[in-house]
Amino acid sequence: HRVTRSMTKKRALVTMLAMVSIAKLLRAKKKKSQEIGGSEVDTEGFEEARQKELQSFVDTGTYVEVDDNGQDAVSTRWVYTYKTLPDGSQQPKARLVARGFEDRDIHQIETSSPTCTKANFRLALALSCTFGWTPHHIDIKTAFLQGKPLEREVYLRPPKEYYGGKPGKLWTMKKAVYGLGDAPKLWFESLTAQLKSTGAKWSPTDPAFLWWTHPDGTLRGLMCLHVDDIYWVGDKSFDKGVVQALRDKFPIGKESSWEFEYLGLLVKAELLEEKSEKKMTITVSQRHYVETVQAIDVGTTKRQDQRLADKLQRDAYMELVGKLLWLTGQTRPDIAFLVMRLAQKSSKPTVADLHQANAVLKRAKRDDVYLRYVHVPLSDIWLLAYSDAAWANLENGKTGGGWIVGLAGETQYNV
């Protein structure tokens with residue numbers, strides 16, 4: 001590692017603009033979403049989707065049918081959504097979900113399921129460019145039904161149309177379905193067991209960040225796990241060995257390369273010409289998200305109006321600030337300080353603050369800002385750490401500051 005006490009303003013600006021904090025929030029693009037308790041409503045167009053979901057329960061050996069003799073049973077409901085396909089069309093999707101809050105063991109079971117940390121996902125993006133590896137995304141189909149077997153007794157009450165509305169049957173569950181508290185954990189254990197069998201190594205601080213090496217110790221590939229979404233990069237042997245074994249083990253719902261949406265982020269990779277050599281570059285943006293964020297209705301009020309916002313306005317303010325905070329932590333560090341100032345006023349915003357929040361949103365929509373990860377030679381990489389703060393630089397007398405840690409080269413930075 002190299003340590004330096006001086007940094008030019010230009011370097012500091014480049015570094016700060018590259019900062020990204022990848023959130024664990026997964027946002028699916030949906031044109032329409034409905035949640036209908038039980039199955040009393042026969043939603044038009046979803047019959048085939050319901051039958052497909054029930055068949056997946058059968059194919060994975062998720063349950064065994066038993067007589068209802070008064071056992072404690074968890075009820076179910078259907079969740080209906082439309083899934084956007086690559087061609088833009090809408091596909092009806094039905095998911096049978098257990099009402100997990102009715103589970104008698106809900107307070108005794110372990111429910112933790114790790115997801116890749118923000119820092120390690122950023123590291124994966126940087127190393128993708130350093131090694132010139134194409135980024136890939138894999139989505140596992142019906143992931144929770146592929147989890148390890150349940151080791152406790154759980155009865156599920158089937159949806160009513162399963163028996164034509166006739167009572168008297170229950171399912172004793174062999175697998176944890178969506179809605180049961182331990183479903184994510186059992187799926188994670190099943191997934192990592194498969195990856196361990198192919199030689200995976202774990203980060204000591206992040207069980208959802210894995211890598212593989214060749215016998216000589218050189219890096220072969222790596223993965224970031226986030227429930228049923230997997231980001232991976234690696235060489236050809238990694239694809240043919242580790243990733244192909246994953247495809248053989250679990251049903252794959254979708255695979256994407258070069259350009260795709262991952263955890264609400266638009267990831268795009270390109271090979272750019274640099275000194276007669278093509279090098280990998282990855283951009284990460286949220287243009288599609290920021291366009292969906294709506295401004296606060298301020299009516300005919302003036303920008304300098306210092307009256308306190310009413311309850312509806314305050315709720316709208318907190319909602320907008322929350323969305324801006326998520327955007328800032330993902331791909332827009334250029335508005336980080338402005339959003340921090342807005343967040344400081346969330347408890348008692350004025351009408352003037354509403355106008356200021358709208359102004360920040362307008363800027364976010366106007367400026368097409370994105371993060372860019374570039375090729376930094378492995379031999380040149382060193383650890384960079386930078387922080388800055390100013391005493392009492394906020395309007396309420398509090399202090400605001402920031403810090404950044406990343407991998408840097410002689411002229412390029414990935415953080």
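Strands β5 (residues 136-140) and β11 (residues 229-234) pair antiparallel over 4 bridges. Two strands count as paired if DSSP finds at least two bridges between them. Strands are DSSP runs of E with at least two residues, helices are runs of H or I with at least four, and numbering starts at the N terminus. Within this pair, H137 stands opposite Y231 in β11.

This is a predicted model: local features need pLDDT of at least 70, side-chain atom pairs count only at pLDDT 80 or more, and totals for chains, interfaces and linings use all residues. Residues are numbered from 1 along each chain as its sequence is written, and side-chain values use heavy atoms, with hydrogens and water left out.

The pair belongs to an open sheet of 6 strands with antiparallel pairing, in the order β8-β9-β10-β11-β5-β12. β8 (201-203) and β12 (252-257) are at the edges with a single partner strand each, so one side of each has no neighbour in the sheet. From one strand to the next, the twist averages 25°.

## Helices on the six-stranded sheet

Helix α4 (residues 183-196) packs on this sheet and touches β5, β8, β9 (206-213), β10 (219-226) and β11. Contact means heavy atoms within 4.5 Å. The direction of α4 makes about 175° with that of β10. Angles are taken between N-to-C directions and run from 0 to 180 degrees; axes are lines fitted to C-alpha atoms, for helices over the stretch in contact. Helix α5 (residues 236-249) also packs on the sheet, touching β5, β9, β10, β11 and β12. Its direction makes about 35° with that of β10.

α4 and α5 also pack with each other, at an angle of about 140° and with axes 10 Å apart. They are therefore oblique to each other. Angles under 35 degrees count as roughly parallel, over 145 as roughly antiparallel, 65 to 115 as roughly perpendicular and the rest as oblique. α4 passes α5 in a right-handed crossing. A crossing is right-handed if the near helix is turned clockwise from the far one by less than a right angle, and left-handed if anticlockwise. L191, Q194 and L195 of α4 meet A245, L246 and K249 of α5. By class, this contact has 4 nonpolar, 1 polar and 1 charged residues. Ala, Val, Leu, Ile, Met, Phe, Trp, Tyr, Cys and Pro count as nonpolar, Asp, Glu, Lys and Arg as charged, and the others, Gly among them, as polar.

## Four-stranded sheet

An open sheet of 4 strands runs β13-β14-β15-β16 with antiparallel pairing. Its edge strands, β13 (259-262) and β16 (371-373), each pair on one side only. Strand β15 (residues 277-285) is joined to β16 by 3 bridges. V284 stands opposite L371 in β16. Helix α3 (residues 118-131) packs on this sheet, touching β13, β14 (265-274), β15 and β16. The direction of α3 makes about 155° with that of β15.

## The α8-α9 pair

The axes of α8 (residues 336-343) and α9 (residues 351-366) come within 11 Å and cross at roughly 155°. That makes α8 roughly antiparallel to α9. The crossing is left-handed. L338, V339 and L342 of α8 make the contact with D353, Q356, A357, V360 and R363 of α9.

## Confidence

The protein chain has a mean pLDDT of 82, and 86% of its residues reach 70 or more. pLDDT is the predictor's confidence in each residue, from 0 to 100. Confidence is highest in β11, at 94, and lowest in helix α1 (residues 9-17), at a mean of 32. Over residues 1-42 the pLDDT is below 50. Where pLDDT is low, the predicted coordinates should not be read in detail.
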